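Okay everyone, thanks for coming.

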Amino acid sequence: MKLKFAALLLSSVAVTATANDFNLGLNDDVLSTEIGFDLNKQSNLVMGYIYSDDEGHALSAAAHISHDAGIHHFEIGPKFTHYWANNSSNGGAVAVGGRYSIDLGSNVAFKTSAYYAPSVLSFGSLDGQYEIDSKVQFQLNPALGLFVGYRNIRLQYDDSRNKTFDTGFYIGGSATF
């Protein structure tokens with residue numbers, strides 16, 4: 001019921017937004033996509049999907065309040081993620097965190113994100129979750145970028161061993177509409 005309500009709420013908000021960013025990342029075992037919607041100048045909605053050969057699927061939605069300070073860009077807000085794990089129990093979490101990017105000049109930017117969900121914000125068999133992601137992106141032109149990054153997503157369970165959902169380097173591209 002919670003998942004249906006969250007999907008309904010997110011779809012009603014997304015109707016008024018226009019998609020402006022699309023990211024696709026991959027390595028040998030994982031494919032990740034992300035689409036971003038600017039709600040206004042200070043807020044956005046980001047929806048993502050991760051498929052892992054070994055670990056399963058993850059679907060996420062995040063809402064951020066953003067702030068620009070020169071070459072620095074900050075985003076903070078909640079992120080809801082549900083995991084369908086291959087070899088572990090399924091579950092979801094509402095994590096708190098955000099994203100940061102800095103323009104390094106010469107069309108190069110460093111981007112990072114971090115989210116943490118304690119047990120009180122986790123449900124199903126999940127007892128907690130954290131996610132760290134960093135990448136360096138090169139803008140080929142204003143609409144197309146290429147990046148290389150590293151991501152680590154760790155799941156904590158109630159009654160079983162903790163599990164790494166994804167860890168490792170990846171490459172990818174981004175498109176701005």
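**Starting from one aspartate**

Let's begin at D166, which sits in strand β11, residues 163-176. Quick housekeeping: this is a predicted model, where local features need pLDDT of at least 70, side-chain atom pairs count only at pLDDT 80 or more, and totals for chains, interfaces and linings use all residues. Residues are numbered from 1 along each chain as its sequence is written, and side-chain values use heavy atoms, with hydrogens and water left out.

So, is D166 buried or exposed? D166 counts as buried because its relative accessibility is 4%, and buried means under 20% relative accessible area with a 1.4 Å probe, protein chains only. Its side chain makes a polar contact of 2.6 Å with that of R151; that term means a pair of N or O atoms within 3.5 Å, one able to donate a hydrogen and the other to accept it. Setting aside residues up to four places away in sequence, D166 touches V30, R151, N152 and I153, with contact meaning heavy atoms within 4.5 Å.

Now zoom out. The chain has one helix and eleven strands; those are DSSP runs, H or I of at least four residues for helices and E of at least two for strands. Of its 177 residues, 38% count as buried.

Terms used. Buried means under 20% relative accessible area, exposed over 50%, partly exposed in between (1.4 Å probe, protein chains only).
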